[in-house]
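Dear colleague,

I am handing over the structure we spoke of, with the sequence alongside.

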Amino acid sequence: MSRILGISAFYHDSAAALVDDGKIISAAQEERFSRKKHDADYPFNAIEFVLENSKIKLSEIDHVVFFEKPFLKFERLLETYLAFAPKGFKSFSMSMPIWLREKLFQKNFLFEKLKQHDENFNDINKIYFSEHHYSHAASAFYPSPFNDAVILTLDGVGEWATTTVAIGKGNDIKMLKEIHFPHSLGLLYSAFTYYTGFKVNSGEYKVMGLAPYGNAKYKDIILKELIDLKEDGSFRLNMKYFNYATGLTMTNKKFEKLFGQKVRNPDKELLTQFHMDIAASIQSVTEEIVLKLVSSLANDFNTENLCMAGGVALNCVANGKILKNSRFKNIWIQPAAGDAGGSLGAALAFWHKELGNKRKSDSAKDEMKGSYLGPSFNNDQIEKSLKSLNAVYKKKNDEDLIECVANEIKNKKTIGWFQGRMEFGPRALGSRSIIADPRSEKMQKELNLKVKFRESFRPFAPSILREDLQDWFELNCDSPYMLLVSNVKRKLQIPMNTKDKQLFGIDKLNIKRSSIPAITHVDYSARIQTVHKETNLRYYNLIKKFKEITGCPILVNTSFNVRGEPIVCTAEDAFKCFMGTNLDILVCENFILYKNEQNSNLIEDYKNKFHLD
Ligand SMILES: [Fe+2]
């Protein structure tokens with residue numbers, strides 16, 4: 001038996017993961033427990049959760065693996081500083097993680113932290129360090145359903161690498177190519193996130209969401225001035241325009257001059273067509289780079305499979321294009337593609353690479369269990385929480401609950417849907433989700449403004465039964481983690497149910513794209529989650545029931561939180577968010593709660609409760 005604890009911390013999105021004899025048992029991000037979005041501190045609560053979930057103590061863990069090598073990172077920070085000295089000192093001292101500044105002997109530092117969980121944890125030699133991009137690559141390949149694959153990792157920066165290509169075969173991963181800091185696709189995208197007035201490391205999604213509203217007018221300027229892109233997808237940035245290596249901002253005055261406008265101040269300036277065009281331009285450049293990288297890989301290696309991880313792999317629009325335009329037949333992306341997933345990758349890398357254990361190669365499905373790897377709560381625990389919160393609730397059996405909720409969605413009610421194990425990764429996949437009717441014209445605006453308290457342009461994603469995917473979207477593969485974008489079919493031909501077949505005398509109904517406006521982006525694209533009964537039966541059953549009633553096998557699915565708030569973790573978080581927003585109904589396992597039956601004194605102002613993200 002070998003239990004491995006993987007830890008990612010002190011950069012962005014701290015997390016812990018537990019791997020037992022090579023099996024992924026649990027994983028969670030610290031922010032869900034601490035309620036601090038993107039919490040980068042030591043993940044005390046996440047570690048407590050994975051231990052408790054397996055009913056073990058830390059001293060019963062065989063190996064602890066940290067997701068990156070602090071000395072390599074220190075070296076990168078130091079060399080960057082020296083290369084630009086004295087210009088970069090301020091940023092050098094600011095960007096160096098506090099723990100690294102204070103405790104260069106990080107192994108001892110980590111050991112002391114770990115002891116807080118269990119004083120009997122007394123073997124410092126159980127602590128190991130993986131490399132940042134190796135952890136990403138391992139998180140992408142080992143849980144994938146492929147026996148061999150090209151592995152592409154893309155992010156802002158780890159130690160030195162920002163982009164890597166590796167080849168995975170059986171239990172081995174070999175790193176083949178690397179692009180080093182400061183040349184970084186992640187940081188290039190972040191520079192534009194910063195320039196359009198969004199927050200770096202979390203606002204990248206907004207840039208991607210904004211892109212379809214603009215024209216890629218500035219693409220040529222970016223390719224001519226900012227980046228030297230080679231045919232094989234390798235690139236170098238022109239550092240004349242960027243400030244991140246030495247300063248405290250992403251871009252500089254020359255950058256502003258190049259595009260003719262200053263960095264947008266989100267408190268004072270609204271988004272204009274200019275920002276949408278900028279977003280469209282950087283999105284298009286990103287897609288071009290990723291496609292070039294991927295096509296050159298397809299030429300170099302004899303495999304049909306591609307695995308991806310790293311923050312840039314969350315760019316689902318680019319991923320959809322890879323699938324459509326590259327020679328790779330299959331693509332698998334780690335759902336926790338950002339640094340949180342490094343905890344899982346580090347643990348898996350240790351099991352397979354360091355300890356030399358073989359992988360199961362017979363599986364057609366991946367090993368992520370739908371990414372439902374976080375905590376769950378049973379009905380007794382939930383009832384206890386609801387009672388202590390003075391909530392008014394009813395309990396229903398499974399069948400009645402599904403029937404009732406499906407009907408309420410049809411009646412255009414917005415639902416907080418809390419059940420099963422919490423998702424690992426940034427997307428809510430039907431365990432901690434807000435769900436609604438995609439056929440409603442008003443739903444997108446209403447959910448954005450009244451429930452999520454965020455910009456009205458933000459699109460929503462559809463959850464669709466896997467078997468109905470091809471009737472509605474131009475996609476024909478699993479997308480369980482909402483990481484692929486595809487177009488809604490031009491003309492939808494929806495098979496009729498038996499009753500309607502008799503009634504109307506036809507087998508298929510022709511309807512237009514506009515029939516599911518709440519999940520269709522302006523360019524007719526949608527970020528798709530395919531729902532599978534093997535991984536989330538209750539959610540599957542709900543959508544199936546909704547289909548029975550309405551003919552539509554799709555629900556709007558957005559994460560259960562408001563702007564700036566980490567996704568809810570416990571029933572208490574869910575109830576508070578429910579009361580603080582205009583959600584109509586809350587479902588926690590078998591309990592159903594209606595807003596209009598609750599004590600209005602329990603309403604909290606959620607609109608201004610969280611810092612903007
Ligand atoms: Fe990373």
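This is a predicted model: local features need pLDDT of at least 70, side-chain atom pairs count only at pLDDT 80 or more; totals for chains, interfaces and linings use all residues.

Residues are numbered from 1 along each chain as its sequence is written, and side-chain values use heavy atoms, with hydrogens and water left out.

I start with the sheet. Five strands form an open sheet in the order β3-β2-β1-β4-β5, with mixed pairing; strands here are DSSP runs of E of at least two residues, helices are runs of H or I of at least four, both numbered from the N terminus, and two strands pair if DSSP finds at least two bridges between them. Because β3 (23-29) and β5 (127-129) stand at the edges with a single partner strand each, one side of each has no neighbour in the sheet. Strand β4 (residues 63-66) runs parallel to β5 and is joined to it by three bridges, and V65 has Y128 in β5 as its bridge partner. Helix α6 (residues 106-115) packs on the sheet, where it touches β1, β4 and β5 (contact means heavy atoms within 4.5 Å).

F10 and F109 form a tilted pair, 5.8 Å centre to centre with 55° between the planes; rings of Phe, Tyr and Trp (its six-membered ring) pair if their centres lie within 6.5 Å, and planes under 30 degrees apart count as stacked, over 60 as edge-to-face and the rest as tilted. F10 lies in the loop between β1 and β2 and F109 in helix α6, so the pair ties together parts that are 99 residues apart in sequence.

Finally, D437 lies in the loop between β15 (432-436) and α17 (443-451). D437 counts as buried because its relative accessibility is 0%, where buried means under 20% relative accessible area, exposed over 50% and partly exposed in between (1.4 Å probe, protein chains only). Its side chain makes polar contacts with the side chains of K412, at 2.9 Å, and R439, at 2.7 Å; such a contact is a pair of N or O atoms within 3.5 Å, and within protein one must be able to donate a hydrogen and the other to accept it, with residues adjacent in sequence counting only if both atoms are side-chain atoms.

Conventions: Axes are lines fitted to C-alpha atoms, for helices over the stretch in contact, and angles run from 0 to 180 degrees between N-to-C directions.
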